[in-house]
Amino acid sequence: MDFSKHDSRTAAENPQPLKLRDPATGEYIKDGDEFCTVMVIGSHARSVQAGILEDARNKPNNTKGKKKKDDDAKALADIQKTLVEGAGRLIRGFANIERDGKPLTTSKEDIEWFLDLNFLSVKSLLETDNDNEEKWLGDSFAQQVLKASNDASAYLGKE
């Protein structure tokens with residue numbers, strides 16, 4: 001049996017469209033009749049994992065000497081920053097999304113601007129209910145990108 005069809009890591013390198021939802025309402029965001037989409041690769045793609053490893057090697061360890069109180073105060077801001085960084089490495093394009101009247105690009109500046117337009121949904125982070133019922137938890141754009149990138153079924157089974 002040829003197991004190539006089970007190679008989700010290679011398949012994850014192919015961007016898939018993510019239809020954006022409004023974090024407040026859960027409604028799909030459209031520009032006229034067209035969905036506003038982000039092209040997302042899978043988080044388990046080899047290129048993504050290599051980038052994470054490279055960033056970890058280059059990041060200085062600044063945890064020594066920090067006060068716990070300061071760490072607690074910055075916790076949500078740090079999570080937001082981590083979400084933006086993580087989601088940013090997964091984006092390969094945009095459709096029907098503009099900034100100041102110009103199409104959004106995949107420049108680091110545009111991606112970070114886009115992902116930081118809204119703050120993370122703590123409700124979504126705390127959700128532990130696994131009843132398979134789809135309910136909107138107010139995911140930020142960064143959270144939507146990350147969730148889409150973790151869906152291996154979006155990358156496998158495509159001919």
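Visitor: Which residues does Ser43 touch, not counting residues up to four places away in sequence?

Guide: Ser43 touches Val48, Gln49, Leu90, Ser149 and Asn150 once residues up to four places away in sequence are left out. Please keep in mind that the model is predicted.

Visitor: Where does Ser43 lie?

Guide: Ser43 belongs to the loop that runs between β4 (37-40) and α2 (46-58).

Visitor: Is Ser43 buried or exposed?

Guide: A residue is called buried when its relative accessible area is under 20%. The value for Ser43 is 16%, so Ser43 counts as buried.

Visitor: With which side chain does the side chain of Ser43 make a polar contact?

Guide: The partner is the side chain of Asn150, at 2.5 Å. Asn150 is also one of the residues that Ser43 touches.

Visitor: Why does Arg46 count as partly exposed?

Guide: Partly exposed is the class between buried, under 20%, and exposed, over 50%. Arg46 has a relative accessibility of 43%, so Arg46 is placed in that class. Asp7 is partly exposed as well, with a relative accessible area of 28%.

Visitor: Where do Lys81 and Glu85 lie?

Guide: Both are in helix α4 (residues 75-88), and their spacing of four residues is about one turn of the helix. Lys81 forms a salt bridge with Glu85, in which the closest N and O atoms are 4.0 Å apart. Lys81 is exposed at 52% relative accessible area, while Glu85 counts as partly exposed at 35%.

Visitor: With which residue does Glu112 form a salt bridge?

Guide: Glu112 forms a salt bridge with Lys108, and the closest N and O atoms are 3.8 Å apart. Both residues lie in helix α5 (residues 108-115), four residues apart, again about one turn of the helix. Glu112 is partly exposed at 38%, and Lys108 is exposed at 62%.

Visitor: Let us turn to the strands. In what order do the three strands form an open sheet?

Guide: The order is β1-β4-β5, and the pairing is antiparallel.

Visitor: How many bridges join β1 to β4?

Guide: Four bridges join these antiparallel strands, β1 and β4. At the level of residues, Lys19 stands opposite Thr37 in β4.

Visitor: Which strands does helix α7 lie across?

Guide: Helix α7 (residues 141-149) lies across β1, β4 and β5. The helix runs at about 140 degrees to β1.

Notes
Residues are numbered from 1 along each chain as its sequence is written. This is a predicted model: local features need pLDDT of at least 70, side-chain atom pairs count only at pLDDT 80 or more; totals for chains, interfaces and linings use all residues. Side-chain values use heavy atoms; hydrogens and water are left out. Helices (H or I, at least four residues) and strands (E, at least two) are DSSP runs, numbered from the N terminus. Buried means under 20% relative accessible area, exposed over 50%, partly exposed in between (1.4 Å probe, protein chains only). A polar contact is a pair of N or O atoms within 3.5 Å; within protein, one must be able to donate a hydrogen and the other to accept it, and residues adjacent in sequence count only if both atoms are side-chain atoms. Contact means heavy atoms within 4.5 Å. A salt bridge is a side-chain nitrogen of Lys or Arg within 4 Å of a carboxyl oxygen of Asp or Glu. Two strands pair if DSSP finds at least two bridges between them. Axes are lines fitted to C-alpha atoms, for helices over the stretch in contact, and angles run from 0 to 180 degrees between N-to-C directions.
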